[in-house]
Amino acid sequence: MYNKTDLILYDEEYQRFKEVIDNFLLISGSKYVFLLSKSGQVLVESGQTEHLDVTSLASLIAGSVAATIGLAKIVGESEFSVLFHEGESSNIYISLLNERLILVVLFSKTTSLGLVRLKVKTIQPSIQAIYQNLLKKMETHTSQSLLENISDDDIDKLFDF
Amino acid sequence: MPLINYASRVINLKIVYYGPGLCGKTTNLQYIFDKTDQQRKGSLVSLATEADRTLFFDFLPIEVAQINGFQTKLHLYTVPGQVFYNASRKLILKEVDGIVFVADLQVARFEANLESMDNLIENLEEYGYDIKEIPTIIQYNKIDLPNIASITELDKEMNPYNFPVFKASAANGQGVFETLKGIAKLVVKRLQGK
């Protein structure tokens with residue numbers, strides 16, 4: 001049946017994710033890092049985002065990851081957990097963390113792929129722990145306080161601007 | 001699957017435009033892009049072939065009004081309609097929150113619409129989704145063209161679950177925003193649990 005478990009990001013987990021990726025940005029020497037849902041929505045970001053169309057980047061990466069999972073299945077793998085794009089001055093390192101989250105790292109020549117890869121591995125357990133906590137919280141907390149208060153009038157006014 | 005972000009106070013919703021090849025899915029998004037204020041839209045990303053046919057997807061993010069202080073963002077996607085791109089089409093349906101099925105009213109496309117609807121149901125089932133539980137509407141497009149089928153007849157064949165229906169001529173913009181508003185309201189109502 002249709003999975004009704006929405007992904008809800010609370011302040012506490014947001015701050016904890018943010019601390020982890022802020023720290024990752026420093027120790028890996030990357031330019032920009034973000035956590036993405038597999039449906040292409042950015043959860044948390046850190047680093048230089050000026051002049052970067054993050055929303056488009058996020059949707060393209062989610063599409064690329066989805067296509068890569070499709071490729072993996074065709075050759076008998078469950079997934080390819082890492083994607084790497086190398087450019088002249090910028091590189092993108094993409095890591096599938098679990099069934100819902102993707103970590104994306106943009107870095108330049110000022111750091112190395114080896115260091116980025118190593119540091120991604122070191123933060124994975126922390127991100128996983130926060131995510132597990134988030135899942136538990138989503139089971140017990142509901143978003144009813146937000147959603148129950150939506151009136152039909154609010155819905156009618158969605159496009160009133 | 002909506003993403004509700006309490007930290008940045010944003011609700012993100014994914015809406016997919018589905019339908020047979022050349023039915024007007026990209027035309028819907030192009031019109032929405034052209035007529036939406038700059039501050040409420042992002043870039044229109046199109047992954048298309050050199051002949052301008054959708055290869056993977058089109059993507060357009062737009063912002064609508066706030067709900068309880070939460071900014072509501074709609075992520076609009078199209079799928080490639082051509083039959084042989086089914087693997088790509090299925091990928092786009094992952095974690096969908098709402099579906100607009102764009103049907104081509106031309107008589108010659110009658111069967112293509114039915115096949116595409118069957119394909120949609122099948123692809124959803126492969127993810128374990130039941131179309132009856134996903135907010136869905138049908139847009140009968142190209143109403144302005146000659147040689148079109150009867151909406152009543154087409155609806156009888158392809159809409160057994162009585163999804164809401166909108167008439168459109170996407171190339172002229174007729175019905176495009178009505179359709180978008182229709183699906184946005186259904187998706188938010190589902191959030192609300194109605």
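Predicted model: local features only at pLDDT ≥ 70, side-chain atom pairs only at ≥ 80, totals over all residues.
1. Extent of the interface. The size of an interface is often given as the accessible area lost when the parts come together. For chain A and chain B the buried area comes to about 4200 Å², and carbon and sulfur atoms account for 64% of that area. The contact draws on 42 residues from chain A and 48 residues from chain B.

2. Polar and charged pairs across the interface. Between chain A and chain B the count of salt bridges is zero, whereas nine residue pairs are found in polar contact across the interface, both residues of each pair being at pLDDT 80 or more. The elements of chain A that each supply at least two residues to the side touching chain B are β1 (7-9), α1 (11-28), β3 (42-47), α2 (54-74), α4 (144-147) and α5 (152-156). Of these, α2(A) gives the most, with seven residues. Sorted by class, the side of chain A that touches chain B has 19 nonpolar, 13 polar and 10 charged residues, and a reader looking at the zero count of salt bridges may wish to keep those 10 charged residues in view.

3. A strand pairing between the chains.

4. Strand β6 of chain A and its burial. Strand β6 (residues 101-108) of chain A is mostly covered, with eight of its eight residues buried. In a regular strand the side chains alternate between the two faces of the sheet. In β6(A) both faces are covered: one side carries Leu101(A), Leu103(A), Val105(A) and Phe107(A), the other carries Ile102(A), Val104(A), Leu106(A) and Ser108(A), and all of these are buried.

5. The neighbours of β6(A). Which strands pair with β6(A) in the antiparallel sense? One is strand β2 (residues 32-37) of chain A, which pairs with β6(A) in that sense over six bridges, and here Phe34(A) stands opposite Val104(A). Another is strand β5 (residues 90-96) of chain A, antiparallel to β6(A) over seven bridges, with Asn91(A) standing opposite Phe107(A). A hairpin of four residues joins β5(A) to β6(A). Val104(A) and Phe107(A), the β6(A) residues named in these pairings, are on opposite sides of the strand, and both are buried.

Definitions and conventions
Residues numbered from 1 in each chain as written. Chains lettered and ligands numbered in written order. Heavy atoms only, no water. Contact = heavy atoms within 4.5 Å. Buried area = accessible area lost by both parts, 1.4 Å probe. Salt bridge = Lys/Arg side-chain N within 4 Å of Asp/Glu carboxyl O. Polar contact = N/O pair within 3.5 Å; in protein donor to acceptor, adjacent residues only side chain to side chain. Nonpolar A, V, L, I, M, F, W, Y, C, P; charged D, E, K, R; others polar. Buried < 20%, exposed > 50% of the residue type's maximum accessible area, 1.4 Å probe, protein only. Pairing = 2+ DSSP bridges.
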